[in-house]
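I opened this notebook to keep a record of what I looked up in one structure. My entries go from the whole chain to single residues.

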Amino acid sequence: MDKRLGIIGITIKNRFQSAPKVNQTLSEHGDIIVGRMGLPFREKGVNVIGIIIEATTDEVGALTGKLGMLDGVKVKSLLV
């Protein structure tokens with residue numbers, strides 16, 4: 001399967017509860033991550049993480065599936 005370039009957007013509602021689990025999951029899939037940026041969005045009460053990836057669709061599905069099951073975490077992905 002071909003690797004494709006993509007973006008994953010993650011929002012976290014409860015930083016202290018969910019962020020450690022998000023970071024652990026991202027570390028487990030670190031081989032597909034090219035870059036990462038995280039910002040607090042205090043006005044909305046969420047934290048936002050943007051990730052640039054190079055991965056197969058199966059790898060993206062595995063990562064986003066694990067992240068999406070975490071409480072207070074929403075995930076969207078885009079492959080080009």
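**Entry 1, the chain as a whole.** I noted before anything else that this is a predicted model. I then looked up the secondary structure, and I found 2 helices and 4 strands in the chain, which follow one another from the N terminus in the order β-α-β-β-α-β. For the overall extent I took the C-alpha atoms along the principal axes, and they fill a box of roughly 40 × 20 × 15 Å. I also checked the radius of gyration: the chain has 12 Å, and because a compact globule with 80 residues would have a value near 12 Å, the two agree.

I looked up how much of the chain is covered, and 31% of the 80 residues count as buried. The chain exposes about 5,200 Å², of which carbon and sulfur atoms supply 56%. Turning to contacts between residues at least 6 apart in sequence, I found that 67% of them join residues at least 24 apart.

Which residues touch the most other members of the largest nonpolar core? I found that they are Ile10, Val22 and Leu67, in a core of 16 residues. At least two residues of this core come from each of strand 1 (4-12), helix 1 (15-28), strand 3 (46-55), helix 2 (57-68) and strand 4 (73-79). Strand 3 gives the largest share, with 4 residues.

I placed Ser18 in helix 1. Is Ser18 buried or exposed? Its relative accessibility is 3%, so Ser18 counts as buried. Not counting residues up to four places away in sequence, Ser18 touches Ile12, Asp71 and Val73.

I found His29 in the loop between helix 1 and strand 2 (33-41). With a relative accessibility of 12%, which is under the 20% limit, His29 therefore counts as buried. When residues up to four places away in sequence are not counted, His29 touches Ala62, Leu63 and Lys66. I also looked up the pair His29 and Glu59, which are 30 residues apart in sequence and 8.4 Å apart in space, C-alpha to C-alpha.

I placed Asn47 in strand 3, and because its relative accessibility is 18%, Asn47 counts as buried. Leaving aside neighbours within four places in sequence, I listed its contacts as Ile10, Thr11, Ile12, Arg15, Leu39, Pro40 and Phe41. How many Å lie between Asn47 and Leu5 in space, C-alpha to C-alpha? I read 24 Å for this pair, whose residues are 42 apart in sequence.

Conventions:
Residues numbered from 1 in each chain as written. Predicted model: local features only at pLDDT ≥ 70, side-chain atom pairs only at ≥ 80, totals over all residues. Heavy atoms only, no water. Rg over C-alpha atoms; globule rule 2.2 N^0.38 Å. Buried < 20%, exposed > 50% of the residue type's maximum accessible area, 1.4 Å probe, protein only. Contact = heavy atoms within 4.5 Å. Areas by Shrake-Rupley, 256 points an atom, 1.4 Å probe, with all protein chains shown as cover. Core = buried A, V, L, I, M, F, W, Y, C linked by side-chain atoms within 4.5 Å.
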